Structures are given as structure tokens and as C-alpha cells.
Amino acid sequence: MVASMKKRKAGLLALCCLVSLGLGGELVQAESAAPSYNYSYWGDNVAAPSAYEATTLITGISSGAGDFKNPQDIQVTSDKQIYLLDTGNNRFVVLDQNYKSVRTLDSFLLKGKADHFNNPQGIFVTDQKEIYVADTGNKRIVHFDSRFNAVGVIESPKSELLQANFDFQPVRVAVDKANRIYVMSAGVFDGFMEFGADGAFKSFMGANRVHVDPVDYFWKSISTQAQREQMVMYTPTEFTNLDMNDEGFLYATNGDEYGDPIKKLNAQGADILRREGYYKPSGDIMYSTLSGGAPRLVDIDVGDSEMYSVLDAKRGRVFTYNGDGYLMFILGGLGNRLGEFNTPAAIEHNGDDILVLDQTLGEITVFQTTDYGRTLNDAVRSYYRGDEEQAYQLFSKVVNMNANMEYAYAGIGKAHLRKGEYKEAVQYFKRSMDRTNYSKAFLLYRKEVLREHFSTIMTVVIALVIIWQIWRMYRKMRARKKVVLH
Amino acid sequence: MNREALHTPLYVIVHPFNGYWDLKYECSQKKSLILSFGILFMLILTNILGSQYSGFLVNLNNPKDLNSLLETAYVLVPVLFWCVANWSLTTLMDGEGKFVEIFITTCFALIPIVLINFPWIWVSNIITAQESSFYYFFKNFAVIWSGLLLFVGIMTVHQFSPSKTIGTILLTVVAMAFMAFLALLFFSLIQQIVEFISTITQEIVLRG
């Protein structure tokens, strides 16, 4: 209230100053942002301290497994073992905590016969350390138990849902707690293929929406059947990758430029990703068409507390969002220095570390948190757990390190709101541009102020009414006098 | 004089038929013209203050993009376009209004927008999200009121029938679009000429 009064006063007194205030014109902004950046509420890129730093480079040589050739996928287990799918060498390699190779598997016994992979593209390791490999070249999925024995295989399914000429080319695979297997198959537009624990094909799920260009639609609607067959078909975009969180929800990325490139699918295939942030989670929001256009998300990795990271192959950047869809930090880039990639293919988290796999260079870059990144991660975790007091402290620390982190102000505001400090809450919500919570806090704050100053306000109102009445009586009397005089 | 002068605009907005008649035939044109400029100035001021000081909940402008000169242009250009287009058309359509009269009519029709929006700049600072529907209601109400005033004003100033007024207003909007198109064309051509000359100069300077 006081602030707005001040504002009002200033506004009325210094009109000229105000009017000239706006004459500044636009600020000049550089095309490329600071080395580490984030997006503000207004969609501008603003400088941010780096949340992660590249510390280690894992190559085939350094791990002791021999050169990696065109590796496509990695998977990290909860005990920090890294499973790397070395596609070009048709094998997978298991690395321990020190990034040393402990096991390499390139041939296995299947139904009594020695067998090999052929251009495998995807690997998934369950909590029980059972391994599923999408053996793309052999059109099958091979299932290993925790001792690396091949125990099952899923081959091209037969079903009336599938067309006669259906080609089964599994490229990525994920398995939930009930051992249902979700397969991303190349050339399939109907979504993910879901298999039961026994390997029987069940159905498709989570197909992307079709985007129809109105102009194309018009031409198609007035053309003949023969012409129509010549035209491009409207097909939904394919998924580009998938991951499974510990609650069994699928997180998926797709190449959809118009819709939502990131999705969280429930068991029915409905998209339930929260998009409460300043803008939809979709990687970079400011880009020029000259530098390649929209981001191409190729992998997604879900961490704890619903945080997830996506990998943009076009610019080699990793974007990490929290469960509500607020952008937390951005790291990586294309280049030749440590912490930059050539052709990033996969991303995984290992505890708090982030691993990015580069397929051409055949190496994994390990990113570790900086003080800022650690604080931000912990703040988001505390808030997710509902520990508002700790979240408040951590978010305060975050804004001390990065005043541009608008999202953190909302965290502080919520703590103030919970404590009944409405005035502070209002201020912090305003800084975080959180209109919904601002309104809630403001309502309470206004009530508080009105209650506090109720007597003053009522006195003033009553006094005004009385003065007005007296003035009216005075005018009437004068008018009467005039009449009398005349 | 002051009291009288302020009385007219307030009379016009609540009694548009009589008010506009008086404005055309009774009032001094010089006084009305001064008032019109005053109204335009107030409108510009309201818009500038509104985009800077409206309450957080209803102010969706990026404070970095606030430009008072542009805000001024957003008021002046449409008003001028409207007056020019309307005058050009009604001259051909047997309208009785002179350009000055059209301008005065248009400016007087904008009074409700100033009167309603100005207090709401400050009131919007003490409302919550639920109450913001009142804010938007009053904003729309002001626009509708102004629209009606403009309609009556144009009808009176040209001595048109209602149906002819509607037709004229629609045609005026089309004419405004034409003018905007021509202005854009003109500016882009000028820009290209300037660019051409500057390129040639540069070339000559660099070669010589």
C-alpha cells in the first residue's frame, strides 16, 4: 500500500519525467547469450551462473574397453554403474563408479546358439539390473538377466493392429516396474509399442497429434482421389526418445515443432506433463532460423523430484526443468572444448552428475554440479518434498548467487505466504511474475491492512460525509438568503 | 470560462444528440478545438501512465518495451487516419462536416476512455485476480461508449441517416486500411531509395 502510494505520488508529481522516461528506446541485445544463460519471464536470455561444469571425459581407451564406435545409448543404474551401448562394435560395456570397464558383452547364448547384436540402438536396465537391448539390425529385443544371460527375446509381433507389411525396427526401449516393455520403433507413427511382461504385443500408446496446415488442408479438400494419393500424407511426428521415472510414467521427446516436444505419458497414453512455467518446456525458445531453427530434442532423462533434462542435438545443449515445468538451467553446447559436444546422442544422470554421450567422438562427458547448481537442485528437492523452510533458505541462497532466477523468488514468496508475512510474499511473487500466487497473497495482505486501519478509514469516511452535508446546508442557506434579498 | 468549458464535454458524453448539435452549431470552434487537443493529450497521458502504473495483475506489458513516443503515435496516428479517411469519404458522400468538425467530434468521443481508464490505472493496483474482471468490463464499457458517441457524432456532424452513418463508418475503416497500406508502401520505397543511394555512395567512396 505504501509502495503504491509512493508510486502514485511520484507519478502525479513528475509527469514530464515519466513521459521522458520511456524515450530510451530498445536495448541492444546480442544474438548469442552469455556462456551460461537462462530465459527470463519475458523470454529474453539473461546471464546465469553455470550450474554444472564438465569435469571428466570417459573414452573407450580410458575405460579400458577399447575404442567406442558410434555409441547410441547409455543407462545408469542406481548403484552408479554405467551401461553403454557401443553400437558400432555391436556390444555393450558396463562401467563402474570410477568409469572403468567391468564387463563387455558382445556375444551371448540364445536358445542354445551363440548369437550377436546387429546395430543395436537402445538399452534399458531395470532396478533388478535386468537388461533390455533393442537389437535394431536383427529386428528384436533381447532380454538379459542380471548375470548377463540372455533369457528372452521379443521379435516382430503379430497382431491385427499392425499392418501386413509392418517392419519392426526397435530403436529405444523402456521397462516399467511391472515389466511391461515400451518400445520405440522406427517408422511407427502410432506411438510407443507396449508389450506385456511375457513379450506379447498389447497396443500402441501416446501417439502424437497430427499438425495440419490449413492451406494444405484446403487444397487437399478440393482435389480428386488420384491427386490426393500423390500428396504428402498427414502423419503424426515420431517420438525421438523415451525414459521412465520411478513412478512408471513415460517421459518422451519428439520432433514436433508445433505441438509439445516433451511429454509425460500416463498408462492410458495421455500427456500429463505440467507446463506451469513461464513458457512450455521445449528447449531454446529464442533462436534464429539462420542458425538452424527450432531445437531437435533427442533424449530425455528423468531424475528425482520430477526434475528432467532434455538434450537438444542441434545446438548440443541440455535443458533441465523441474516438475512444474520451470527452466532451471542450461548447459553444454557444440564445440571442441571440454563440456562441448560434436553430436550428442544421449543423456543420463548419475546421482547429481549429468552424463552426455557423444556418438561421433565416442565419449561421455561427465558434468558435476557447481555450488550454484547444487543449491538450486537441493532447493527444488526441498520444495518438492514440502520442506518449505529449507526451500526458503536454499532459494534465498540461489537468488543471492543469481538475481535473475525469477522462479526462485516464488519459492521464497511461498514460504512467506505460509508464515503469514503477506507483504513480503506479495513483493516476492511480483518479482517472480507469479500472478496467481501474487493475487492470493495480495488478497490476504489487503485484508490485513484494511483490518489494521479500519478505524482510521471509517473516521475519514464519516468525516467526509459530515463535511459534505454541512457544505450542502450552507449552500442552501445562502441560496435562500439570495432569494430573500431579491 | 473554465467551468463552462469543462461543462461541454461532460454534457456531450451523456447527451450526445444535443451535445453534438450544440458543438456543431452553437459553441465556439476555437474553444472546442483547444478542448479536443486537451482530450487527445489526456488520452495519451492515460495510455502512457496505464502501461507503466497499472496494477501488476492487469499490466502485461514488458516495462523494458515501454516507449512514450510510440504510445503517443498509437493515439495520434489512428485519430488522424480516421479523420482524414472520414473527411475524404464524406466530402464525396454529401456530408456536411468540415475537417475541423470531424476532428472535434472524434476527440470528444474519446472522453469516456479517458474518464474511465484513468481512475482504473490506480484502482487496478488494489484489486485481486478475481476482481480484475471488473477492470476488463469497465475497459470494454468505455470502448463501447466511445464507439456509440462516435456514431452519433458522425451522424450529427454530417447530418446523415443512421444507416448511411454505418455505411460511412465501415467505408472509413476500409479507407484507413488503404491509407495504412499506402503509408507502408511509401516508407518501404523511401527506405529502399535511401539504401540504394547510401550503397552507391559507399561504393564510390571505397573505390575512389
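Colleague: Hi! What should I know before I start reading?
Modeller: It is a predicted model, so local features need pLDDT of at least 70 and side-chain atom pairs count only at pLDDT 80 or more, while totals for chains, interfaces and linings use all residues. Residues are numbered from 1 along each chain as its sequence is written, chains are lettered from A and ligands numbered from 1 in the order in which they are written, and side-chain values use heavy atoms, with hydrogens and water left out.

Colleague: Let's start with chain B. Which residues touch the most other members of the largest nonpolar core?
Modeller: Those are B:Tyr20, B:Leu40, B:Trp82, B:Phe108 and B:Leu110, in a core of 39 residues. A nonpolar core is a set of buried Ala, Val, Leu, Ile, Met, Phe, Trp, Tyr and Cys residues joined through side-chain atoms within 4.5 Å. Buried means under 20% relative accessible area, exposed over 50% and partly exposed in between, with a 1.4 Å probe and protein chains only.

Colleague: And what does B:Leu110 contact, leaving aside its neighbours within four places in sequence?
Modeller: B:Leu110 is in contact with B:Ile39, B:Leu40, B:Leu43, B:Val79 and B:Ser146. Contact means heavy atoms within 4.5 Å.
Modeller: Another core, of 32 residues, lies apart from that one, and A:Val318, A:Val356, A:Ala391 and A:Ala408 are among its members.

Colleague: What about H8(B), which residues of that helix are buried?
Modeller: They are B:Thr165, B:Thr168, B:Ile169, B:Thr172, B:Ala175 and B:Met176, and they pack against H4 and H7 of chain B. Helices (H or I, at least four residues) and strands (E, at least two) are DSSP runs, numbered from the N terminus.

Colleague: How far apart are the end C-alpha atoms of H8(B)?
Modeller: They are 67 Å apart, which agrees with the 68 Å that its 46 residues should span at 1.5 Å a residue. The expected span is 1.5 Å times one less than the number of residues.

Colleague: Over to chain A. How many residues of strand S14 are buried?
Modeller: For S14 (residues 170-175) the count is 6 of the 6, so the strand is largely enclosed by the rest of the structure. S14(A) runs antiparallel to strand S15 (residues 181-185), joined by 5 bridges. Two strands pair if DSSP finds at least two bridges between them.

Colleague: Which residue is the bridge partner of A:Ala174 there?
Modeller: A:Tyr182 in S15(A). The hairpin has 5 residues between the strands, and A:Asn179 takes a positive phi near 65° in it.

Colleague: Where does A:Asn90 lie?
Modeller: A:Asn90 is in the loop between strand S5 (82-86) and strand S6 (91-95) of chain A. Its phi is near 50°, a positive value in a residue other than glycine, and A:Asn90 counts as partly exposed at 25% relative accessibility.

Colleague: Is A:Asn119 buried or partly exposed?
Modeller: A:Asn119 is partly exposed, with a relative accessible area of 32%. It is found in the loop between strand S9 (113-116) and strand S10 (122-125) of chain A, and its phi is near 55°.

Colleague: Last one: where does UniProt place the transmembrane region?
Modeller: The unreviewed UniProt entry places it at residues 453-471 of chain A. In the model that stretch is 95% helix and 0% strand, with end C-alpha atoms 27 Å apart. UniProt positions are given in the numbering used here, feature names are shortened, and annotations may be inferred rather than shown by experiment.
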